[in-house]
Amino acid sequence: MDKSWMVGRWPIVASCLLVLAGCMSQSMMGGGGVPLTNTYWKLQEVDGTPMPDAGAASEAHLILRDDGVVNGFSGCNAFRGEYEVINNRNLVFSRMASTRRACQNIDIPEPAFFRALENTAGVQMDDHRLRLLDTDGQGLAEFEAISQP
């Protein structure tokens with residue numbers, strides 16, 4: 001079988017694959033080019049409740065790592081688990097675990113934050129904002145991309 005036709009077309013095929021890969025990742029990036037992964041996402045709102053400024057040491061946040069691991073802080077407890085992006089638009093958390101500190105006088109509604117992670121089925125990104133959505137497309141929590149403290 002003559003494979004010489006493939007030699008000249010290989011750069012074209014490779015270019016097409018790179019373009020397709022770039023298009024696929026576009027929907028998981030905000031308008032400002034903030035990537036979903038390896039970004040420090042500070043919790044701004046959960047269950048319709050805006051978060052007060054808690055200071056960098058105790059602010060609720062999450063970081064989605066490239067390897068499918070999510071970790072963060074709820075305002076009281078550290079957490080870790082796994083996540084999966086499905087069809088480049090759905091986001092699902094699994095195997096979540098957290099420390100069990102009994103925190104007093106915190107302003108972060110930790111149970112609502114963990115419920116939001118548990119019920120996440122989708123994600124919406126624009127500019128520097130990340131919104132976790134339920135199966136009906138309703139907002140569960142909103143985060144802002146910031147520089148790590």
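Colleague: Which salt bridge does Arg95 form, and how far apart are the closest N and O atoms?

Modeller: Arg95 forms a salt bridge with Glu82, and the closest N and O atoms are 3.6 Å apart. The general idea is that side chains of opposite charge can pair when their charged atoms come close. Please keep in mind that this is a predicted model, with a mean pLDDT of 80 for the protein chain and 72% of its residues at 70 or more.

Colleague: How many salt bridges does the structure hold, and which residues are linked in a network of them?

Modeller: The structure holds five salt bridges, and the network links Asp126, Arg129, Arg131 and Glu142. Within it, the side chains of Arg131 and Asp126 meet at 2.9 Å, N to O. Arg131 also forms a salt bridge with Glu142, where the closest N and O atoms are 3.3 Å apart. This second pair links distant parts of the chain, since Arg131 is in strand β8 and Glu142 in strand β9, eleven residues apart.

Colleague: Is Glu142 buried or exposed?

Modeller: Glu142 is buried, its relative accessible area being 18%, and the cut-off for that class is under 20%. Arg131, at 22% relative accessibility, counts as partly exposed, as does Asp126 at 30%.

Colleague: Turning to the rings, how many aromatic pairs does the structure hold, and what is the geometry of the pair of Phe79 and Phe113?

Modeller: There are four aromatic pairs in the structure. That of Phe79 and Phe113 is edge-to-face, at 5.6 Å centre to centre with 75 degrees between the planes. Phe79 lies in strand β5 (residues 78-86) and Phe113 in helix α2 (residues 110-119), so the pair ties together parts that are 34 residues apart in sequence. Both of these residues, Phe79 and Phe113, are buried. The rings of Phe113 and Phe114, by contrast, have centres 6.0 Å apart and planes at 25 degrees, so that pair is stacked. Phe114 itself is partly exposed, with a relative accessible area of 23%, and one aromatic cluster is formed by Phe79, Phe113, Phe114 and Phe143.

Colleague: Which residues of the largest nonpolar core touch the most other members?

Modeller: Of its 26 residues, those are Trp41, Leu43, Leu62, Phe93, Leu130, Leu132 and Phe143. At least two residues of this core come from each of β1 (40-46), β3 (61-64), β5, β6, α2, β7, β8 and β9 (139-146).

Colleague: How should I read the backbone at Asn88 and Asp127, and where do these residues lie?

Modeller: Most residues other than glycine have a negative phi. Asn88, although not a glycine, has a positive phi of about 60 degrees, and its place is in the loop between β5 and β6 (90-98). Asp127, likewise not a glycine, has a positive phi of about 50 degrees and lies in the loop between β7 (122-126) and β8 (129-133).

Notes: Residues numbered from 1 in each chain as written. Heavy atoms only, no water. pLDDT = per-residue confidence, 0-100. Phe/Tyr/Trp six-rings, centres within 6.5 Å; stacked < 30°, edge-to-face > 60°. Helix = DSSP H or I, 4+ residues; strand = E, 2+ residues; numbered from the N terminus. Buried < 20%, exposed > 50% of the residue type's maximum accessible area, 1.4 Å probe, protein only. Core = buried A, V, L, I, M, F, W, Y, C linked by side-chain atoms within 4.5 Å. Salt bridge = Lys/Arg side-chain N within 4 Å of Asp/Glu carboxyl O.
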